[in-house]
Amino acid sequence: MSEKSNPHGQTTGHVWDDTLAELTNQPPKWWMIGLHASWILVLVYGIYYPAWPLLHSHTKGIAGWTAVKEYKKDLAEVESIRAPYEAKIAKMDVKAILADNELKEYISRSGKVLFGDNCAACHGSGGQGNPGFPSLVDDDWLYGGKIDTILQTITNGRQGMMPKMGGNQLTPEEIDKLANAIYNGKVTEEPLFTAKGCVGCHGPDGKGMQALGSANLTDKIWRFKAEDQLASIKYTIAHGVNDPSDPKTRKAKMPAWKNRLSETQIKKLAVYVHELGGGQ
Amino acid sequence: MSENAGSTAPKYEDDIYEEAANWHVNTGDEKIHAKRVTGRWRRLKWITHSVWLIFFLGPYLRWHGRQAVLFDIPNRQFHIFDITVLPQDVWMLSLVLLFFAMLLAAVTSIAGRVYCGFFCFQTAWTDVFTWLEEKIEGPPAKRRKLEEGPWTAEKARKLGLKWAIWLAISVLTGLSFVAWFTDAFQLWHDFFTGQASSVAYGVVGLFTVGTFTLAGKLREQACFWLCPYARIQGVMYDKETILPTYDYNRGEPRGRLKKGKVPEGQGDCIDCKQCVAVCPTGIDIRNGQQEGCITCALCIDACDAVMEKIGKPKGLIRYASLDEMEGKQRLPLYRRPRPLIYLTILTLALSGIIYGLTHLGTIELKVLHERAPLFVELSDGSIQNKYRIKILNKTDKDFHVKLTAEGIPGMTLKGAEKPLYARKGNDTSYTVYIKAPSSAIKEERTPILFKVVGIEDPNKKATYESMFFAPK
């Protein structure tokens with residue numbers, strides 16, 4: 001057991017399994033260099049960067065580096081790339097922006113974030129709409145799909161009104177008849193359409209009036225889309241839209257964005273929505 | 001235990017210790033100071049090493065007002081004379097790698113580690129470094145003496161000078177490498193005025209340390225313990241591979257010269273150990289093929305010189321295959337399947353590269369179909385799909401293209417009425433819509449073929465097949 005000599009060098013004297021001995025020779029030089037280099041690196045790092053926790057704070061490091069500073073620097077870099085476009089957009093009106101292919105493409109790409117943050121919750125990530133929230137990708141517009149109208153809609157918001165027709169105005173059978181006619185796209189052939197005054201808002205051709213925001217009843221695009229579309233139409237006729245006299249009325253309100261977003265942001269959104277596919 | 005092992009134990013022990021005594025592994029505990037020889041292979045070695053001059057001088061070559069070969073990583077463009085390769089064509093890089101891998105394999109199976117001995121940067125740089133060492137410190141014996149001796153003013157002067165020159169070469173190596181990736185002349189200016197990028201300084205630093213350590217300090221140890229090629233090349237040999245080989249039939253039994261003559265009954269090898277003295281990796285070629293041999297053939301030069309002096313025919317050490325040594329017939333190349341397979345892959349890879357370079361094209365089209373929503377029903381009952389178009393202009397001039405699409409009768413393409421502008425060396429994107437009457441749509445998905453044709457040059461064409469989605 002006390003045998004400390006070995007053909008390979010000094011051993012600690014411990015022997016396992018009769019054959020395994022532990023040598024006492026130095027680790028290789030490269031390994032020792034690596035070891036020392038490592039603790040020196042830790043030391044330098046600890047002095048240079050914020051590293052050590054203190055009671056209420058931490059060491060700041062002599063370089064003054066912080067993650068937030070680095071983030072801000074990177075952000076400034078992105079902003080500087082965007083700046084020339086943003087400056088142009090701020091000065092131009094929406095019509096001029098639409099005519100500029102490059103700016104239009106810039107907005108189609110960068111506007112995605114703006115749209116996602118502010119619009120997508122109701123209108124869907126691609127503007128495809130949700131039940132009760134109109135689609136922005138088709139060519140059916142309640143208030144018009146021209147760029148100026150879109151800009152106005154976003155700036156000031158919209159709130160249409162359709163009085164409830166159930167109860168005193170129409171019997172359930174009449175609502176049934178009208179709803180079926182609308183569902184089949186033949187509302188103008190239904191005498192009740194004129195007789196009950198629907199034409200007043202929806203127009204003699206049933207295509208709606210954009211000045212009022214009344215819906216086009218002749219196409220297959222539904223403002224209040226539902227699984228059972230016929231039932232949805234009946235409900236809308238019976239309870240109206242935003243009718244204060246009916247607690248069961250449909251609520252449909254586009255908020256105004258002028259106090260929440262800057263003018264440039266609203267312009268970008270208008271162009272973005274126009275370019276979703278339905279702009280006129 | 002020893003009783004049971006009986007009489008076989010001593011014999012086994014004898015054998016294994018005899019083997020161990022001859023088996024000397026060069027682990028770097030002794031520094032190899034190879035003697036420098038002159039001769040045919042030595043001359044060839046200088047010529048093959050000079051391939052690396054391209055590495056040093058290449059970046060300064062100009063072509064039509066810009067760097068002839070430039071790997072422009074920030075702009076993602078590779079310029080090779082008139083050819084500009086964009087990342088889209090980088091599949092060729094894999095063929096280039098395959099080509100060189102197969103070239104290595106083919107050459108190795110025919111003539112051994114030709115790459116190691118004649119072309120490898122490790123060999124070339126070490127060769128230059130040791131050449132300088134000899135110029136400054138003298139031949140191997142003097143070098144060893146200086147190394148072991150105490151620090152004197154002369155030792156400091158000699159080593160200082162050597163290290164300074166090595167360092168200069170190392171920095172130049174780093175600078176030359178970086179010069180392939182940025183404007184070479186500008187780099188020199190920026191580098192010494194402190195304006196180069198931190199990446200440039202970092203890479204030059206790494207190369208400086210790397211070159212100095214690998215060629216100055218590690219040398220053959222890099223081939224022994226670091227290099228993966230050195231290991232894989234060894235397994236590409238077969239018995240037909242020609243290698244620097246000691247002709248044991250002729251050389252053995254070896255023995256010393258007696259009175260300037262080879263005694264009767266003795267082989268041609270006079271055990272002068274010149275082959276060992278000149279070996280840059282410190283091996284004895286007479287022990288046969290071994291992993292330390294980089295097949296640099298300097299032992300052939302050394303042995304030939306000795307054979308000439310003692311009046312024996314040259315070629316005691318020569319390029320020969322194991323089969324030849326065993327007196328077997330040498331197989332012609334076309335009957336050796338390994339080189340043939342390598343050469344076939346080599347040819348295929350090369351054809352692919354040539355095809356790629358000659359069919360780079362000038363324009364590429366990509367069409368991405370909008371997913372949210374997949375399609376839109378319009379008020380007149382027709383269906384609209386939205387697409388993002390990317391036009392890649394691979395030339396160095398801006399141009400315009402006309403975009404068209406076909407696939408459904410009566411469909412209209414919106415957003416591409418005017419010619420589309422394609423920015424040089426980049427992709428430009430546009431948004432377009434296809435509107436189709438629902439009566440004409442037969443399926444849920446209809447293939448649509450997009451086409452772009454250059455307006456200035458109608459030969460610039462590209463197509464892309466996308467889909468038109470419709471409700472069920």
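This is a predicted model: local features need pLDDT of at least 70, side-chain atom pairs count only at pLDDT 80 or more; totals for chains, interfaces and linings use all residues.
**A walk through chains A and B**

Residues are numbered from 1 along each chain as its sequence is written, while chains are lettered from A and ligands numbered from 1 in the order in which they are written.

Helix α9 of chain B covers residues 153-179 and helix α10 of chain B covers residues 184-192; they pack at an angle of about 130°, with axes 9 Å apart. Helices here are DSSP runs (H or I, at least four residues), and strands are E runs of at least two. Axes are lines fitted to C-alpha atoms, for helices over the stretch in contact, with angles from 0 to 180 degrees between N-to-C directions.

On the α9(B) side, L175(B), V178(B) and A179(B) meet A184(B), L187(B) and F191(B) of α10(B). Residues are in contact if their C-beta atoms, placed from the backbone, lie within 7 Å.

Next, look at A422(B), which sits in strand β13 (residues 420-422) of chain B. A422(B) is buried, with 27 other C-beta atoms within 10 Å; the cut-off for buried is 20 or more, against 12 or fewer for exposed and partly exposed in between. Setting aside neighbours within four places in sequence, its contacts include I391(B), F399(B) and T428(B).

Finally, the contact between the chains takes 16 residues from chain A and 14 residues from chain B.

Terms used:
Two residues are in contact if their C-beta atoms, placed from the backbone, lie within 7 Å.
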